[in-house]
Amino acid sequence: MTLSLKVQYHYSLLFFVFLFSTVHQAQTITVLEDITDVPIPGVALYNLKKTKSAVTDLNGKVSIDKFDDDEVIFFQNIIYLKTQITKSEILNNDNIVYLTPNVEDLKQIVISASKFKQNKRDVPQTIVSLDAADIALSNPQTSADVLENTGNIYVQKSQLGGGSPIIRGFSTNRLLITVDGVRMNNAIFRGGNLQNIISIDPLAIKNTEVTLGAGSVVYGSDAIGGVMSFYTKKPQLSYKDNLYLNASALTRYASANNEKTGHFDVNLGYKKWAFLTNVSYSDFEDLKMGSHGPDEYLREQYIIRQNGEDVMVSNSAPRLQTPTAYSQINLMQKVRYEPSDNLNFDLGIYYTTTSDYPRYDRLIRPRGDALRSAEWEYGPQQWFMSNFQVTKLSSRSNLYDKIQATLAYQNFKESRKDRDFQSSIRQIREENVDALSFNVDLEKRLSSKTTLFYGTEYLFNLIKSKGNEFNIDTGINAPTVTRYPDGSTWQSLAGYASLKYRPNSKFVFQSGLRYNQVMANADFTANNRFLNLPFSDANVNTGALTGTAGLTWSPSEMIQWNLNGSTAFRAPNIDDIGKVFDSEPGSVVVPNRDLKAEYAYGGELGLKLNFNDKLILDLATYNTFLDNALIRRDYDINGETEIEYDGELSNVQAIQNASRAWIYGFEAGLVIHFTNQLKLRSQYNIIGGKEENDGIEVPVRHVAPSFGRTHLIWDKDKLKLDLFSVYNNELAFDELAPSEVGKAYMYALDENGNPYAPSWYTLNIRAQYRYNNNITVTASIENITDQRYRTYSSGISAAGRNLILALRYNL
């Protein structure tokens, strides 16, 4: 063979080797989850006759060499929709196949009920779930809006930077919030409306579970009305030496408040290490209300500072709620180390802060013919959390099969600044809470039919509080009474155990007990310079035993019954014991050290009917009795029923164990699958309740009007459409709680001139289109008919007609 022929031979050989390796490499494909682009392991591939098969590895990769080019390949996994596509189509699509989560199946797995995964059918309580795909479609501005989209949760707002969930007639510090298993409630969570939930970035949430009803056995104090569990995104590993890189970016605009949001996240995955960075920033301008509704909601006048004087001016655009604008930034960094399949270490660092944001409901309060406040705003709401978690999912120990230990530190900063109209004194109060928590949760399978869940928890809160009066004319600062006793502490130590017994596939019984010891200490010496209380300190040391028992019975695939009874409690916190604040015009709340825990006793009966997954009807009724309720009532200090507070003679009130309440309700959910692409989903909630007020039964403050929402959803290929309506019944004057009647300026007026909450509805449409593997566009028009309305007990009107546009790019 000549030299030239040898050279040609070797080049030809190299070419064919290269060609073969390229073709061979092209036969390896990757299976990813739609929306998140996360690799899916354990996906079964097979042909029509099931003579050929394969399974994806931990990286979602699989070879399809054995399949012919024109052969249809079926992709199947228990929690994803079954997909079929030809081999040639896959190779023309960059060797990538996307699977869509089977939302109904995914939501059958819950974590919040026991801290470990359980089938929802085994849990006797109602648990509502949302995942990242739901959130991406609804485009919520805050996590409060995330919850509102469930259809089971009512949300009150005092200002644009707000959102206080109401669940089954309970709100604020009678509900519990957790983030990645860590309790967010702290010792200054109040009975008034809260907005801490907006510190959770909705663009960082992987899924959310809301337990409707008591959860004190697993979560302790405050879990009377429900538990809202947020689980943020987790870093994804590569499980091999090569880097797994995944990134996405989002930009969003909303017309009602000129929202401008930007977001990006980056995931770096290695064989045993993974890192996730998540950043979001939002800027919101003043919110514009709708055109059709009560004139009482219009913002006719507001106050400006002009030439050193407060001046009340007419609003040329009375639908514009001035001022309500604010901005917010959310940061999250996560690190995951997985040395083996059953052991992982997770570190999460979270930080969020808002700008100053006006408390709109206080800025519209009248005083005579003028407005009461020239200034009323919250300072930046800041939240920091560092969370370290160790999880072991298999063990030969006699004590546990699974164990999870969580150590977390949180810091909360909040402040309030207010000044009366034409006053030179600005009241400034600042709060800082350091919160430590340590949890150990364990699961032990005692037999094939019995599983034990148990654990322990320790909480410690340190509260720092400052109060100043600043003279805007002279620039002089002077100390004043603080909102909370500075240096006060709150601690909780608890142990719990619950048992799940499943004798057969049709019956599950679960029960549990928890004992909690709560200790609080507060020193009022500094505040007694201003208040002259008959005591100088408060020391609370109280215990609480709570329990739950429930069963699920599924006599057939069509029918499932749930029955659950539970007790829950809320121990007095520093907000109850030591707070000083103006609860309403002309009233001031002062400390009370003689407080005990309040208890709730509740029952729930549920029925789920599933007709071959074509029609699903979910019904529940519940009843809760709240005893020794901690509520605000008239009080006296050394026999005095009025004192001067912030320059005003005010009626004295205090939190007291002074009431009982009965709350009851009915919930109905409906899902109809007309075709594989078209379905209807609807939810309706009826709530009622009474509480004792000086021996007279009156409406309960946080019992919302009956409310619901109905969605008609079309989902096919790359396009998803959602046409929906949200609706809310009226609350007449005689159905308002006394505390709400006292805030008539927030309500519409009936024909007799009395405050009431009118009924309202909105019509809305959303569309989501996945242009290709990288680009997803979402567009919504909310409140199409431009209704002017307020959700119950809210001081700010909801958005009018609102165009929302979002663009997401996945790398």
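**Close-up 1. A network of salt bridges links six charged residues, named here one by one.** In this predicted model, the network brings together Arg305, Asp310, Glu375, Arg419, Arg426 and Asp473. Side chains of opposite charge can pair when their charged atoms come close. The whole model holds 46 salt bridges, and the next views pick out a few of them.

**Close-up 2. Arginine 416 and glutamate 431 form a salt bridge between two strands.** Their side chains meet at 3.4 Å, N to O. Welcome to a link between distant parts of the chain: arginine 416 belongs to strand 32, while glutamate 431 belongs to strand 33 (residues 425–445), 15 residues apart. Are these two partners buried or exposed? Arginine 416 is buried, and glutamate 431 is buried too.

Close-up 3. You can find asparagine 411 in strand 32, which covers residues 402–420. With a relative accessibility of 9%, asparagine 411 counts as buried, because buried means under 20%. Its side chain makes a polar contact of 2.9 Å with the side chain of aspartate 434. The side chain of asparagine 411 also reaches the backbone oxygen of valine 433, at 3.4 Å. Leaving aside residues up to four places away in sequence, asparagine 411 touches Gln382, Trp383, Phe384, Asn432, Val433 and Asp434.

**Close-up 4. Arginine 336 and aspartate 346 pair up in a salt bridge.** The side chains come together at 2.9 Å, N to O. Arginine 336 lies in strand 25 (residues 326–340) and aspartate 346 in strand 26 (residues 343–354), so this pair links distant parts of the chain, 10 residues apart.

**Close-up 5. Lysine 52 and glutamate 71 tie two loops together.** A salt bridge of 3.1 Å, N to O, joins their side chains. Lysine 52 is in the loop between strand 2 and strand 3, and glutamate 71 is in the loop between strand 4 (61–63) and strand 5, so the pair ties together parts that are 19 residues apart in sequence. Glutamate 71 counts as buried, at 16% relative accessibility.

Close-up 6. Strand 14 (residues 175–179) pairs with strand 15 in the antiparallel sense over 2 bridges. Look for valine 179, which stands opposite valine 182 in strand 15.

**Close-up 7. The largest nonpolar core has 109 residues**. The residues with the most contacts inside this core are Ile177, Ile197, Ile200, Met228 and Phe230. A second, separate core has 15 residues, including Ala54, Phe67, Ile90 and Leu99. In soluble globular proteins, nonpolar side chains tend to be buried together. Not counting residues up to four places away in sequence, methionine 228 touches several residues, among them Leu147, Pro165, Ile167 and Glu209.

Definitions and conventions. Residues numbered from 1 in each chain as written. Predicted model: local features only at pLDDT ≥ 70, side-chain atom pairs only at ≥ 80, totals over all residues. Heavy atoms only, no water. Helix = DSSP H or I, 4+ residues; strand = E, 2+ residues; numbered from the N terminus. Buried < 20%, exposed > 50% of the residue type's maximum accessible area, 1.4 Å probe, protein only. Polar contact = N/O pair within 3.5 Å; in protein donor to acceptor, adjacent residues only side chain to side chain. Contact = heavy atoms within 4.5 Å. Core = buried A, V, L, I, M, F, W, Y, C linked by side-chain atoms within 4.5 Å. Pairing = 2+ DSSP bridges. Salt bridge = Lys/Arg side-chain N within 4 Å of Asp/Glu carboxyl O.
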